[in-house]
Amino acid sequence: MPEPTKKEENEAPAPPPPPPPEEQSKEKEGGSAPPKAPEEQDKQNSNTTQSVLFVEKPQNGTVKVGENITFIAKVEAKDLLRKPTVKWFKGKWMDLASKAGKHLQLKETFERQTRMYTFEMQIIQAKENYAGNYRCEVSYKDKFDTCSFDLEVLESTGTTPNIDIRSAFKRSEGQEDAGELDFSGLLKRREIKQQEEEPQIDVWELLKNAKPSEYEKIAFQYGITDLRGMLKRLKRMKRVEKKSAAFSKILDPAYQVDKGGKVRFVVELADPKLEVKWFKNGQEIRPSTKYIFEHKGCQRIMFINNCQMTDDSEYYVTAGDEKCSTELFVREPPVMVTKQLEDTKAYCGERVELECEVSEDDANVKWFKNGEEIIFGPKSRYRVKVEGKKHILIIDGATKADTAEYSVMTTGGQSSAKLSVDLRPLKILQPLTDLTVKLGNEICLKCEISENIPGKWTKNGLPVQESERLKVVHKGKVHKLVIANALIEDEGEYVFTPDAYSVTLPAKVHVIDPPKIHLDGLDADNTVTVIAGNKLRLEIPVSGEPPPKALWSRADKAIAEGGGRIRAESYPDSSTLVIDIAEREDSGVYNINLKNEAGEAHASIKIKVVDIPDPPLAPNVSDVGDDWCKMSWEPPANDGGSPILGYFIERKKKQSSRWMRLNFDLIKETTFEPKKMIEGVAYEVRIFAVNAVGISKPSMPSKPFVPLAVTSPPTLLAIDSVTDTTVTMKWRPPDQIGAAGLDGYVLEYCFEGSTSANQSDEKGEAAYDLSAEDWIQANTDLIDKTKFTITGLPTDAKIFVRVKAVNAAGASEPKYYGQPILVREIIEPPKIRIPRHLKQTYIRRVGEAVNLVIPFQGKPRPELIWKKDGVDIDKNQINIRNSETDTIIFIRKAERSHSGKYDLQVKVDKYVETASIDIQIVDRPGPPQVVKIEDVWGENAALVWTPPKDDGNAPITGYTIQKADKKSMEWFTVIEHYHRTNATITELVIGNEYYFRVFAENMCGLSEEATMTKESAVIAKDGKVYKNPVYEDFDFTEAPMFTQPLVNTYAIAGYNATLNCSVRGNPKPKITWMKNKVAIVNDPRYRMFSNQGVCTLEIRKPSPYDGGTYCCKAVNDLGTVEIECKLEVKGGLSFCRLLLQGVPPNIIDSYLRDLESSNPEGN
């Protein structure tokens, strides 16, 4: 554990104020306080008035050297809004937060379920000097709690308990033990051991006889860590002790022993029979290897072996009812300087480190400069780095003022060394450079040298004075001179000279003024307005040094100086643009460019040539009345460069040529309403536009229009029908329609209770004209007829209805229905109106569509039920579609199973109406069951058959009989539409044998099959013998002949090709294929086929080599015949692509030949 060094506690809320020095001396580092006197205890309790925060406090612990130990404190966070602040201390004031590291770790955790904070202090690889008294403090806002605990570090079990090895290692000042075994330290101090040993000094006696002002000096010199504790004990020692009856000789007031040494306490009893007990801080001491008790007569002796810092405490002994006490002070051994400081040389600006080593880790040392103590702080250039026994004094950025003798002092020695700081050879890393700066810009002169030293700036040999505009910057090795808003006066030669060096860094600054264009006399948007026909002379002031050259341009086209209608004129302080007789086309943006050696300036000036506006377009008359109209127009396309101020309107009759102005004050809007016109007379109007320059020409006249009046209101508005959601109204046309005619009607309604419902009187006429937003227009388009149905109305609502007549002049006054209309349908009993053709059986063939529409009546909308043969209809097979006035039964493809009786039930409330429809789906009949030949005589045969088993759901209307000769078995119809089931077939050919078959027939046609007789009817001859004719054999032999020749063919390389031809001949000719007059035999690339005289040659995946003349040769006994064709193989992908794209082969061939001729090398 490092030695304690006092630190200020600047974390968390401050703990309560410390007790007075008299009370503080009762607590020391490395031990616990002795029992407090009653008055001191009461005083301490009075200071501790804050709430207790600890749930679990750290307990006293014992650990062996080299082992680890953990102390735990727990705080409950139930009533805390944030984490409390916890501090760990050793002794009275040493904060351990700064000592956390290799041997000390502080941890904290929080358990959300139990809301418990756990704080841990873990000591790793404990050493003997870690023993002592520790304290844990916790604070939260105004609450504070603290607890103390002791740590005892025992010797490792590996050492022999009976032998005190450390007694062999004595320090120079006579203490009995050196604490931790450090052989290297002993070897370094051999020379010191040879010196004469100084007599052992009793610090206790020194403090007794010393002045209070010398207490701190003695404490530092002799390593006293708890000076205030010793002073408190010294104060108590000065009290006069009373004589004791039990003790003839009491303990000395105080004992002093070096750390690791041995101390002996002796008292003499007045009565040797009294029992003696020894106590340490109120706890009785038991005999052990550390505490040894001896009895010698009346003497009672206690030995404390191997004294540690934990033994620094108050001890007392009791005999009977009396006790005597003493104080034991354990003094740490003096700290020696084991490695001396060394003389050091450095350059200015470098980091200097003076290093020494002492005999103890983290020992308290003091540094001096030329005999004066160095004060360390946040603003000090000196800082100390401690690494165990190593102490390093660090000086950042050394200067010549740091040249001195530095010394370090410990409690057991001191060391000194000289530090010499010299200038380093100066190098110019970045020289000053000449600058050319525009007027008003920033001037920044920058240089960099190898050393971090100040310097001086001069301008033209005179020192530079800092101001708000001129700043001198020194940052490390970089020096800057910054001048904001450069002026002409800032031009000159600047020199920087580093302090303590004779080097100079010069630079020249040249300030220039770029050209400027002054447009203060123009508008904010730099616009100049001129009236067309006038002369413009625009003078623009300019500045710059040297005087800039001006160039005027428009649309990237330069304007020359001298003659011309548009020209430029240049002067030393201005530039002028002249336009003689300005035209409207001269409007636009004109650019002026200034240039000199300092830079360029650009400006754009908008010249606006204004004129009278163009005439507006012809006005549009959108609405007319009996003596008025509404007209509107668009502003003119060109306002002449000046905003339009308003318009004048003129009117005339179409047949007249005299225009009359209608307004004498300008109209700013683009709409107007002329009045006082004659109804039925055609008029025209026109417009004049006016701007600040003048009046435009008149616009084209409008289309002729005729003022017209609206019609009178419609008449006889009445109710036609009412349902639960609709109301149908009807009315008569207006009495007076007028010249504008009648375009249609608008029907409107509103609900009872709205603000518009009270606008009609009892007669249904409008009481007064108001704009009513509650009226709802029932029709989106004009109604041509005098009847309309209002739909989408809520049931049981009451509505008011009105109708207006509309023509070209507008809508007429409305006609109101006098009473509110209740939206509720009157019950009308249902009635089915079966069409006439459905009152008898409805017949359809299989596969045809059935679509029957059955109208009905009834209000409200009736409920419809369809049944087939008394069973509900399967809607998957038959579609039923219902509307308000009819029902439709639809069968897409009728089948015989759809035949039957269909019942329709229409129900309205308690009223029911029914109707039935018979549907018959018919098909062709089956064939007759059996056909027999009853008799054959002469040229006649009698047939009998039975009717078919399946009549196709329709009556059999007849039969069809056919006969067939046994030789040819070709059937011929004998009888059609025959109604009987027997028939006699006549006019049969004698000598022939016949079979017969019969078809059944109904309204759909003949049966698909016929029933044939199993026997045949033979018509025998009567007395005649037939002689068969003699025929000569026909000669079928024929020489081979090609009926289909070969055709010249194109083939694509890589795709199979075929050659086809056809040949005939008897006997069958032998076919031979040849290529270029050479027979094709056993070549696997060719396949030859011959089927029914068709000969085929297949060429598998041909290449250009397979092209040539192919021949097909046919040979039999009667002759030989040959036929030839040419095959051309086109190689490459281009031919294939062209062919797939539909290009004819001859064009592809011509294209490829041209391509080959243009590229003879084959590239």
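User: Why is S883 called partly exposed?

Analyst: In this predicted model, S883 has a relative accessibility of 25%. Buried means under 20%, and exposed means over 50%. The value 25% lies in between, so S883 counts as partly exposed.

User: Where does S883 sit?

Analyst: S883 lies in the loop between β65 (879-882) and β66 (886-891).

User: What makes the pair S883 and D886 a polar contact?

Analyst: Their side chains are joined at 2.3 Å. The cut-off for such a pair of N or O atoms is within 3.5 Å. The value 2.3 Å meets that cut-off, so the pair counts as a polar contact.

User: Which residues does S883 touch, leaving out those up to four places away in sequence?

Analyst: S883 touches F856 and R861. F856 is 27 residues from S883 along the chain, and their C-alpha atoms are separated by 9.7 Å. A contact, though, is judged on heavy atoms within 4.5 Å.

User: How do you know that β46 and β49 pair?

Analyst: Two bridges join β46 (residues 629-632) to β49. Pairing needs at least two bridges, so these strands pair. They run antiparallel. M631 stands opposite F672 in β49.

User: Why are β45 and β49 called edge strands?

Analyst: The open sheet has three strands, in the order β45-β46-β49. β45 (620-624) and β49 (671-672) each pair on one side only. That makes them the edge strands.

User: How much of the whole chain counts as buried?

Analyst: Of its 1163 residues, 40% count as buried. The chain holds nine helices and 86 strands.

Conventions
Residues numbered from 1 in each chain as written. Predicted model: local features only at pLDDT ≥ 70, side-chain atom pairs only at ≥ 80, totals over all residues. Heavy atoms only, no water. Helix = DSSP H or I, 4+ residues; strand = E, 2+ residues; numbered from the N terminus. Buried < 20%, exposed > 50% of the residue type's maximum accessible area, 1.4 Å probe, protein only. Polar contact = N/O pair within 3.5 Å; in protein donor to acceptor, adjacent residues only side chain to side chain.
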